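Morning, everyone. Please have the model up.

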Amino acid sequence: MRLSEADSHALSGAPAAPNYLHDGTTVMSWLNTRDHKRVGIMFLVSVVFFFFVGGLFALLIRFKLLQPGPFFVDALSYNRMFTLHGIVMIFLFLIPAIPSAFGNFVLPLMIGARDVAFPRLNLASFYLYLGGALIAIWGIIHGGADTGWTFYAPYSTTTPTQVAPILIGVFVIGFSSILTGINFIVTVHTLRAPGLNWMRLPLFVWSTYATSIIQVLATPVLSITVALVTIERIGGFGIFDPARGGDPVLFQHMFWFYSHPAVYIMVLPPMGVISECVCAFSRKNPFGYKAIAFSSLGIAFVGFFTWGHHLFVAGQSVFVGGAFGLLSMFVGIFTAIKVFNWVGTMYRGAISFKTPFAYICGFLYFLVFGGMTGVALATTSLDIHWHDTYFVVAHFHFIMVGASVMAFLAALHYWFPKMFGKTYHEGWGLVAASLIILGFNATFIPQFLLGNFGMPRRYYQYPEHFQALNVASTAGATLLGFGFVLIVIYLGISLKWGSRAESNPWGSKGFEWLTASPPPTHNFDEIPTITQMPHDYRTHEPSGVIRVA
Amino acid sequence: MSHEAEAGLPPGILAHHFSSLARQNEAMRLGMWLFLATEILLFAGLFTGYSVYRFQFPEAFAECSRHLELTLGTVNTVVLITSSLTVALAIHFARTDSPRAAAFCLVLTLLLALGFLGIKAVEYSEHFRERSLPGKYYAFEAVKTPGAAMFFTLYFIMTGIHGLHVIAGMLVLSWILRRTLQGRYSSRYYTGLELGGLYWHLVDLVWIFLYPLLYLI
Amino acid sequence: MNQFLRRLLFLPDQASTFALDVDRLHYFVILTTFAMSTGVGLTAIWFFIRYRRRSETQTTPHIEPKTWMEALFVAVPLMFFTGWFFLGYREFVRQYTPPIDSMDVYVMAKKWMWKFAYPDGPNSVNVLRVPAGQNMRLLMTSRDVIHSFYVPEFRVKMDVLPGRYTQIWFNATTPGRYQILCAEYCGAGHSIMRGEVIVLRPQEYEDWLASQRRGLLVSQQDGQPTGMDFVPPLGNLVEQGRRIAADQGCLKCHTTDGTRHIGPTWLDLYQRRERLSDGSVVLVDEAYLTESMMDPALKIVEGFQPVMPSFQGKLAGPEVAALVEYIKSLQSDAVRTGPSEGPAYAPIRGR
Amino acid sequence: MSESGQPSRALHADESHGEHSHSAVPYLVVWIALLFFTGLTYLTGKQHLGTWALPIALIIACTKSALVALIFMHLRESSGSTRLVFVTALIFLVLLMFFTVADVATRFRPSTPAGAPFGTERSQPEGLLEHELPEE
């Protein structure tokens with residue numbers, strides 16, 4: 001939903017109470033803001049823009065794969081396309097999407113704070129993100145890398161394509177991720193409203209807190225790995241060069257030490273969003289609040305122990321492979337706990353089927369299916385056949401598109417009235433949701449079968465017998481593309497001409513709904529004193545009592 | 001929100017959204033420690049590389065570390081430890097309301113840091129002279145065992161990145177020196193100085209591990 | 001049942017001893033996954049229908065899960081997952097530890113082609129001939145970047161790392177032609193880096209070997225001869241090893257008839273327990289031989305002077321392989337009984 | 001505090017905590033201790049003890065860093081969360097190093113030949129199988 005600066009003027013036309021959107025409508029007031037809500041909106045706009053850039057690359061790749069032989073593009077540009085699809089989608093969309101866009105907006109509201117702990121740092125984090133993105137785009141324009149988003153040495157250190165600018169871009173975006181993580185951890189520790197102890201924290205705050213721990217502790221290792229590859233490319237120091245004693249598997253260890261926890265950066269905030277939406281739309285208290293909260297922390301910590309399951313087939317020792325396989329099994333347990341508790345939350349609730357709830361059903365199915373194929377991959381012997389085939393591609397797309405993007409859309413619709421004070425058209429919402437769920441299945445179920453059939457990933461040309469499944473997958477991909485475009489259309493329309501939303505359209509008892517929507521710049525006139533758990537629907541009165549402090 | 005208790009502070013210290021100065025100090029300290037955790041993990045990557053290659057080429061690493069300037073390395077360690085002391089004393093003087101002494105200690109720290117970089121420059125020039133350089137530039141006659149180039153690759157990358165952190169620490173300390181001279185820090189508010197000190201202590205901490213691993217084993 | 005499920009899941013046919021066991025675990029895991037996800041989806045839909053919102057002001061009870069429920073949510077998945085793991089890991093260890101009596105083939109991956117060197121057969125490009133029912137071990141190395149040797153029908157895959165050996169083994173059961181695919185991204189030609197494994201009946205394999213040795217097919221080069229690599233087969237690896245030993249001057253110091261000379265004799269050297277100058281004993285295997293060529297001063301045999309120059313930079317992978325094979329062939333009783341490299345649990349060396 | 005124990009002789013008891021009466025004595029004492037340990041590690045390092053060199057050096061370095069962290073960086077007086085952050089960072093550092101070195105150590109032996117790696121393109125010219133072999 002392309003909210004350029006001009007749109008924000010149109011928004012302010014509606015005669016609403018003075019809120020953060022009116023508070024200064026010049027471009028400078030947005031670009032130089034200290035308000036966590038405006039930084040959140042700016043992140044949201046840029047994140048959605050990059051989602052469509054990445055999506056475009058995805059459609060080009062799927063279009064090429066219609067034919068087994070050379071078609072539409074040559075090998076080198078095809079390799080560049082899937083590399084840039086990976087980099088743009090992961091570093092520019094998935095990692096900042098929910099923590100920086102919705103986390104920035106909603107977290108201070110949920111804990112009853114006026115702003116994040118370090119507002120200037122928050123703005124710096126946005127500009128680091130934009131700076132890194134611009135450097136990466138400069139690299140893309142000048143030819144872009146053809147190494148895959150994993151930059152495996154020694155190919156990444158020897159290929160003549162423009163890898164260095166993209167590596168520097170990823171390095172800078174890493175800092176933006178670190179600063180956001182630091183900001184959220186300190187905010188949750190020091191800026192909670194009176195009466196809001198740890199056991200009353202909303203579940204979205206728990207999962208964003210756990211994500212921030214991963215962001216702070218894992219991203220530096222990516223920074224050093226990316227820096228070493230850049231040093232190797234420019235200086236020829238030979239740290240990953242096998243001819244000089246370098247060990248390519250060392251690169252993979254250091255890369256996956258970041259990238260596996262990064263997968264949990266991408267999936268934990270969506271789980272937080274789903275916990276909120278399930279409670280709000282089934283109007284019931286979270287079933288097993290402690291279980292869901294602590295399993296978020298569990299995923300954050302145990303996630304650091306399992307990176308070796310990416311190296312089962314990479315020449316890693318059999319003994320250490322077994323250790324990593326066993327540890328990977330425990331991470332699956334925490335996701336299972338969450339799923340059972342979400343479904344438990346629906347039991348004896350009062351479920352209203354709105355668009356976010358449609359995305360929740362999609363999310364649940366895809367998270368369980370994607371998650372369990374992940375655990376199947378971690379059984380070491382099956383990974384031998386599946387590694388680096390389309391089975392793995394389908395697995396992580398089930399989690400990233402099936403779980404993360406669905407939850408992103410659920411969050412977008414759930415907090416749309418809170419952020420913009422407008423309601424979207426429910427009918428179109430459900431149409432788009434069903435289009436996306438159908439298109440998603442049609443795209444990635446054939447890829448699971450392609451993986452079983454033995455088609456390796458990142459293949460420009462493939463043997464003929466894989467063509468049928470590839471054509472089916474491409475058809476599904478176009479359907480998926482239409483679904484996303486449809487969302488942009490009707491959300492954009494309701495931004496301009498949508499009817500005004502009242503302050504709590506869903507009747508949800510999450511803490512962020514205690515204040516007006518869209519909220520005033522200073523969030524709360526009076527900081528509320530929280531008296532009960534979030535989402536406690538036994539009575540009607542709000543879950544926080546506004547007492548004169 | 002009662003701000004009277006925090007009166008008597010220079011303007012702009014207490015941010016609007018913090019309830020009390022103690023809470024804001026707590027937040028800044030926690031934020032700084034989280035940043036230090038990222039620095040520790042940044043060097044964790046380098047130490048992993050060191051331990052993997054030391055495991056693969058034990059003789060080459062032992063032999064090469066004997067060709068490093070051990071005396072200069074030890075002097076550097078003493079210089080950094082002393083600079084850690086002077087930064088700690090600077091914080092102590094700020095807490096006991098003697099900003100001039102604190103400023104003097106900060107100047108001492110900056111001089112010691114310059115000394116450290118100077119000694120490092122001498123060592124680097126020595127390496128350039130005897131061609132004991134990383135990767136493809138390695139042409140050191142004294143050590144021919146395979147894996148020797150890898151030792152110097154790690155030596156230059158680890159000490160180089162540590163040197164960058166020393167320079168960053170000097171910039172931070174000189175910024176804090178300026179604010180100390182402006183009389184911003186007193187026993188009621190010295191958090192800014194303390195955070196600068198924390199960063200400098202971390203730089204010293206990393207060198208405490210680098211020194212034995214590179215020079216002595 | 002197996003064929004039905006295999007075709008349902010689009011699995012390639014099972015042409016090696018691994019395939020059947022791996023596929024059985026595959027069916028168990030995939031069917032449980034499918035059952036669990038549809039179960040969760042259906043419960044969600046059933047809860048939605050059963051507890052849909054009746055009125056806008058409806059309140060709902062506050063329900064907390066009982067501890068046994070939470071324990072169940074943990075125990076059931078944990079049981080499944082650890083069960084899968086132990087079933088899978090047993091198979092993984094079996095698949096990555098080659099049996100002692102397997103026949104070795106040296107594989108060299110190079111940017112966008114595979115080269116195979118048989119110890120007692122010719123070299124070939126992109127075509128690997130294998131006798132059916134025989135355990136084959138592939139010792140693989142790469143010339144430039146990481147490739148990955150992948151034969152879907154054998155359910156076999158291992159990355160080929162530059163600068164070091166990785167090993168893999170399989171026992172092809174049904175004769176036929178199976179595609180070798182490169183599974184690790186290695187540049188523009190990653191998707192056309194395809195070879196072929198031709199599984200022959202043991203008798204056919206012997207005939208093919210004999211014809212190769214007689215040089216009948218000297219001119220016909222296996223697989224598609226690429227321009228720069230036209231290679232007339234020049235006898236097998238052992239002969240090439242002998243020729244290199246002569247050219248590089250190895251035989252000036254090492255004798256092949258057992259007599260002591262400047263360097264230790266090569267007769268019966270393979271699998272011998274050498275006593276080193278520092279008193280420790282080392283088993284002579286491929287790794288020790290490679291290491292001694294690249295870094296002779298590292299381990300000196302007792303009673304010999306460290307005069308051997310290092311061949312680092314002078315010998316390429318296949319040359320090293322040829323020399324190792326030649327040394328292996330110098331057995332007094334001329335029958336090579338030496339076991340191939342054992343599993344990865346050999347004692348960890350290094351200070 | 002899970003950091004390794006205090007050095008035996010360095011700190012004496014009369015360390016007072018008052019905001020104004022903060023004394024500089026502990027800093028000086030810690031400084032002397034650090035110099036002592038640097039000397040200790042210098043001497044043990046010079047003797048090149050072989051297999052015991054690494055553990056000793058690491059123990060001394062850990063004690064020195066514990067001293068710096070506890071006293072110079074005021075970890076002793078700071079709240080539980082900052083200590084937790086420091087300890088977690090150390091745990092993950094050890095975790096990354098342990099599994100990576102364990103992998104290199106228990107790998108299929110010829111996979112990491114002690115001598116320089118062979119057979120890679122750039123380390124030497126084109127190899128044997130091609131036509132350079134001298135004719136019979």
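A crossing counts as left-handed if the near helix is turned anticlockwise from the far one by less than a right angle, and right-handed if clockwise. Keep that in mind. And remember, this is a predicted model.

Start in chain A, with helix α8, residues 203-235, and helix α9, residues 248-281. Their axes come within 8 Å and cross at roughly 165°. Angles over 145 degrees count as roughly antiparallel. So α8(A) and α9(A) are roughly antiparallel to each other. Which hand does the crossing of α8(A) and α9(A) have? Left-handed. As for class, the contact of α8(A) with α9(A) has 21 nonpolar, 8 polar and 1 charged residues.

Now, chain A against chain B. Here 29 residues of chain A are in contact with 30 residues of chain B. On the chain A side, α7 (164-190), α8 and α9 each supply at least two residues. The largest share of that side comes from α8(A), with 8 residues. The chain A side divides into 18 nonpolar, 7 polar and 4 charged residues.

Next, chain A against chain C. This contact takes 79 residues from chain A and 72 residues from chain C. Several helices of chain A each supply at least two residues to the side touching chain C, among them α4 (75-110), α9, α12 (355-378) and α16 (426-453). Which helix gives the most to that side? α11(A), with 16 residues. By class, the side of chain A that touches chain C has 46 nonpolar, 26 polar and 7 charged residues.

One last point, on α9 of chain A. It supplies at least two residues to the side touching chain B, and at least two to the side touching chain C. That's it from me.

Technical notes:
Residues numbered from 1 in each chain as written. Chains lettered and ligands numbered in written order. Predicted model: local features only at pLDDT ≥ 70, side-chain atom pairs only at ≥ 80, totals over all residues. Axes fitted to C-alpha atoms, helices over the stretch in contact; angles between N-to-C directions. Helix = DSSP H or I, 4+ residues; strand = E, 2+ residues; numbered from the N terminus. Parallel < 35°, antiparallel > 145°, perpendicular 65-115°, else oblique. Nonpolar A, V, L, I, M, F, W, Y, C, P; charged D, E, K, R; others polar. Contact = placed C-beta atoms within 7 Å.
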